[in-house]
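Work through the exercises below with the coordinates open. Each task is followed by a stepwise solution.

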Amino acid sequence: MTKYNTGNPVGSSSPLDLYDNAENLDAGINGPGHTWVDRKGATRKSWVGIEFDFQAFLADGSTIEFPTWAAAAAAAGAGQIPANRQVAVVGDPGTHADQVSGVTVPNSGRYVMVAAGLQWVSAEVLSQKADRGSVDALSQRVGAIDAGVFYQSINDVPASSYNLGTDFSGVGRAFISIYPVISSAAAWINPAASATRIRVRVYTRSSAASGLPGSSIDTLQREIVVPLATVRTMLGGTGPVMIEAKFAPLEVGKTLPVVVTFEALDDANASAYIGYYSVPAPSGYSFGYVKSSASGNWVALGATQAVLALVVQHKPDVDSGTSVGHSDVSWSEPNNHDWEDRAFAGWARSFVANAGASFSAVSGYFSDVASCDLIQIRVFARRITESATPNVPGSQAIQDMHLGTFRFPVSEMVGTETAGKFLFDVGQIKIPGGRYPLVEVVGLHQNGTKAALGAGRTDYASSPVDTTWMLPSAGTAGFTLLAQNRTVSIGLANVLKRGTSEVAGQMYPQVEAHGRDIEEIQKRLDSILVGSSSEGMADSIKPVLAVSGLSLSLAGSSAVIDGVAVVFSGEFTLDPPASASGSTTSLPLKYSQFGAGSYPTQNPNAMLWRRRLSSVVVTRQSDGVVLVQGTDYGVDSVWGKLYGMKNVADQVVDASYNYTRERYDLLQLDPVTMTCSVVKGAERDLDAHDYAPVASNRFIPLYYLYVRAGTITPVPVHLYQDGVRKDTRVVFDGTLSKGKRLIGRTRRKLQRGQAVKVLGYGDSITSCGNLDLLWYFETLPPDNRAAIPTYNRGDSGGAFATRVSWNWVAIQAVKAAYGYVDSHESNPGGLPVLTYVNKGIGGTNSSGSANNGSNATRLADALASGADVMVLAFGMNEIGSDSTFDNMASIIQQAQASGMDVLVMGVPKTNAITDVRDIALWRKTNRTLQLVADATGCPFVPINWLTDQGGGGLPVAPEHLCSANYFNHPGLIELKHYGLMLSKFFL
């Protein structure tokens with residue numbers, strides 16, 4: 001309803017904007033629609049939409065949580081809690097009189113809303129909320145263990161059943177997990193018709209002693225309520241069902257027991273009857289339990305009695321990369337489209353010919369997808385001996401094995417408006433031997449009821465080997481066998497992915513179109529992605545390096561190769577870099593208070609482009625007088641600069657001096673012969689780190705060695721692989737996986753080939769030389785600087801614009817991976833365009849004062865860019881500040897409110913020579929940035945991990961960090977590696 005649509009920034013006082021705001025707010029508050037569009041074009045939830053979502057939330061059976069009893073009581077008194085709804089109070093240490101019984105009860109606990117008020121049920125609730133940082137840290141540790149692969153602690157096939165009766169309302173089992181992490185628990189149960197939900201609880205046990213569920217040795221870790229409506233949709237009525245409860249990854253170890261319970265509840269949250277399917281009592285630690293319907297108490301089963309059949313597993317996040325294509329394992333191309341109508345809600349199919357198959361995706365030709373809220377896929381494995389049995393997938397009667405349930409929000413899918421082939425990434429699934437896969441695909445509404453989902457079909461001259469079932473969209477019937485010469489177009493596939501390896505620094509030419517075949521895509525990826533390291537054959541490598549002068553010793557080094565421990569060693573003496581003499585004529589000698597001990601750009605005198613100066617002689621040109629060192633001038637021998645010590649006019653001088661060069665060598669290991677060698681690098685006067693050698697074929701880099709003037713600084717690159725420290729790989733992969741989800745909106749636009757705009761917002765590192773200009777590299781020798789590719793941007797005063805900042809490095813990687821061009825390139829092929837807007841300003845921080853990050857005027861200008869994603873980078877100019885968190889939170893929240901995804905960059909480590917501040921302050925700022933990113937729901941890009949704890953993530957010694965000014969501006973190599981880490985979140 002934006003009538004005038006002025007495009008003015010937020011904060012405008014124009015009457016036209018006030019009119020648009022009033023009209024839009026009227027629609028948002030009083031209108032019937034679920035959304036409204038503000039004057040900046042952002043779609044927002046209306047009051048009706050908020051009420052609808054809240055009611056949907058209430059309807060799904062979730063527990064309402066309150067921080068205090070007073071807040072819960074107030075909500076109940078105001079009629080905001082529906083009847084029979086579960087309520088939890090977490091972290092309130094007080095007591096009160098129960099509103100129903102009058103008995104004094106703890107404030108923290110579980111409640112149910114009845115007519116008389118909130119009735120206290122139990123204290124079976126965590127005493128306080130898990131700290132979010134701790135939960136996410138756990139997710140980071142466990143969320144990416146071989147992403148996409150099932151880790152099954154228990155995978156029982158039921159052997160018998162305890163039929164539904166009136167004896168039990170719950171069933172449980174204690175066991176010791178064979179894997180240290182679990183994230184789902186499933187069981188075949190038979191709930192009474194009156195049951196509407198199943199409550200699943202997961203406890204960890206403090207000792208291997210026996211005890212009933214919830215006893216003093218148990219700690220409640222997870223509670224999940226699973227509505228029965230959805231599973232009964234597939235079943236077509238009541239009866240035995242497979243219940244799967246998914247929860248946040250839980251670290252359980254492999255030595256202490258875990259207890260899982262399933263309880264049937266009705267609409268009033270009262271117990272309902274339950275039957276269950278069992279297996280013989282296994283050996284080792286195992287206890288079975290049932291909950292008596294009569295007493296409501298848990299009872300232990302006998303040592304030899306059959307126990308609940310369970311499937312307990314951990315399924316990490318499958319979004320470990322971006323799908324760029326797939327190869328079909330099994331696929332039936334549709335040749336008939338009669339089934340593409342709204343009469344159907346779901347489809348299922350067997351794949352008898354694919355016994356023992358391995359696949360990572362389910363494909364299908366579907367229509368009416370846009371009418372669904374969710375697409376649910378279940379995967380089962382059936383014994384080959386039952387291939388002629390017509391039972392629907394998941395049949396307990398023939399002991400089908402349940403391998404996973406997956407739900408895909410339709411709002412995140414591409415092309416749902418038209419019929420076509422869809423690909424659903426389910427992670428790597430291996431069908432057990434002697435079994436073949438069955439796949440069930442159902443369209444659902446948000447509340448779990450059936451939606452319409454049409455499908456393509458394939459007609460055959462005779463009945464196919466595989467079996468097909470269909471689920472009607474109307475009525476209560478379940479899946480029905482289709483005994484015809486046809487099958488549904490559902491298939492199995494393996495997904496080709498990008499974004500799981502580090503993108504190479506050299507970006508190859510743009511490809512000209514989407515929709516290429518698999519081989520062409522794979523070639524493109526091979527040209528972009530770094531291949532796996534030679535270290536794949538080594539379980540671990542532990543070099544022990546001793547340095548004395550220019551001598552090295554690897555005595556005592558060891559490795560584990562193919563599971564066998566071996567030792568290796570080596571003794572080396574490195575050649576000293578050359579010494580030389582030089583001279584510079586007609587040099588202006590300027591007075592400066594910044595001399596030795598300052599960083600180079602503080603001293604206004606010109607660089608001599610030599611380091612480690614000695615025997616300096618300075619002669620004044622005007623009269624030939626030799627000036628006195630320490631009186632007339634000083635020498636910054638470290639950085640190769642002179643400075644006048646007398647506050648007089650500039651003097652033109654000639655200087656002669658001796659200097660020593662520097663070099664980066666590489667110490668490497670041959671993992672076949674277990675011998676070490678040294679690759680000698682090029683000698684340079686100032687910037688040897690930009691000319692470091694690379695490892696020989698099949699060799700593993702151990703250390704880069706910064707060699708100069710009788711001294712070596714080793715850089716332990718063996719600690720890192722593909723830009724990630726090896727002992728933090730799981731944590732980083734969890735951080736990356738979570739971060740990709742948090743910028744899903746931008747990633748989906750890239751996957752669809754839509755125009756994308758990136759906003760850089762930060763300090764001088766973002767600005768990179770007053771908006772990506774060459775002069776940023778103030779201390780880069782002329783020949784090195786001349787090698788940087790430049791172009792004429794139109795506002796750059798000639799061909800001085802660069803694409804080397806960390807944002808540009810990431811953009812180049814994204815362009816190459818997704819087939820984009822940037823807005824400064826010609827585009828004859830009509831490729832999608834990626835635009836970069838640089839709003840960095842040098843010398844600024846995140847505060848709200850003039851020109852700084854949270855200043856209203858500066859921020860409004862940045863937000864008016866209409867970018868899809870903001871790369872936010874403040875911190876370098878406020879290291880150790882206590883106000884960073886609040887300032888950054890304000891920027892992030894305003895950017896998110898304007899519709900942007902946001903990524904927060906860590907702060908690079910500064911130069912070890914010129915920055916003598918306590919490193920704890922740098923770590924404090926990076927920790928603050930990580931916390932604020934977490935608190936506001938956006939990714940943190942941990943570039944600080946590359947250089948902390950001894951470094952090695954960059955092939956750069958601490959003395960060469962921030963080599964663009966040798967203080968706090970990262971140089972070429974650093975920007976490249978920081979940008980590559982940033983790019984991982986988009987790929």
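**Exercise 1.** In β26, which residue is the bridge partner of Q376?

Solution. First, the ground rules. This is a predicted model, where local features need pLDDT of at least 70, side-chain atom pairs count only at pLDDT 80 or more, and totals for chains, interfaces and linings use all residues. Residues are numbered from 1 along each chain as its sequence is written, and side-chain values use heavy atoms, with hydrogens and water left out.

Step 1. Find strand β25, residues 374-383. Strands are DSSP runs of E with at least two residues, and helices are runs of H or I with at least four; both are numbered from the N terminus.
Step 2. β25 and β26 pair in the antiparallel sense, over 8 bridges. Two strands pair if DSSP finds at least two bridges between them.
Step 3. Read off the partner of Q376: R407 in β26.

**Exercise 2.** Take W469 in strand β31 (residues 468-472). Is W469 buried or exposed?

Solution. 
Step 1. Apply the cut-offs: buried is under 20% relative accessible area, exposed over 50%, partly exposed in between (1.4 Å probe, protein chains only).
Step 2. W469 has 1% relative accessibility, so it counts as buried.
Step 3. G346 is 123 residues from W469 along the chain, yet their C-alpha atoms are separated by 8.5 Å.

**Exercise 3.** Describe the largest cavity: which residues lie nearest its centre?

Solution. 
Step 1. Define the search. On a 1 Å grid over the protein atoms alone, a cavity is a set of points where a 1.4 Å probe fits but cannot get out; lining residues have an atom within 4 Å of a point.
Step 2. Of the 13 lining residues, V758, A810, I811, V814 and F986 lie nearest the centre.
Step 3. Assign elements. α8 (744-752), β52 (756-762), α11 (806-818) and β57 (869-873) give two or more residues each. α11 gives the most, with 4 residues.

Methods. On a 1 Å grid over the protein atoms alone, a cavity is a set of points where a 1.4 Å probe fits but cannot get out, and a pocket is an open set with protein on both sides within 12 Å along at least five of seven lines; lining residues have an atom within 4 Å of a point.
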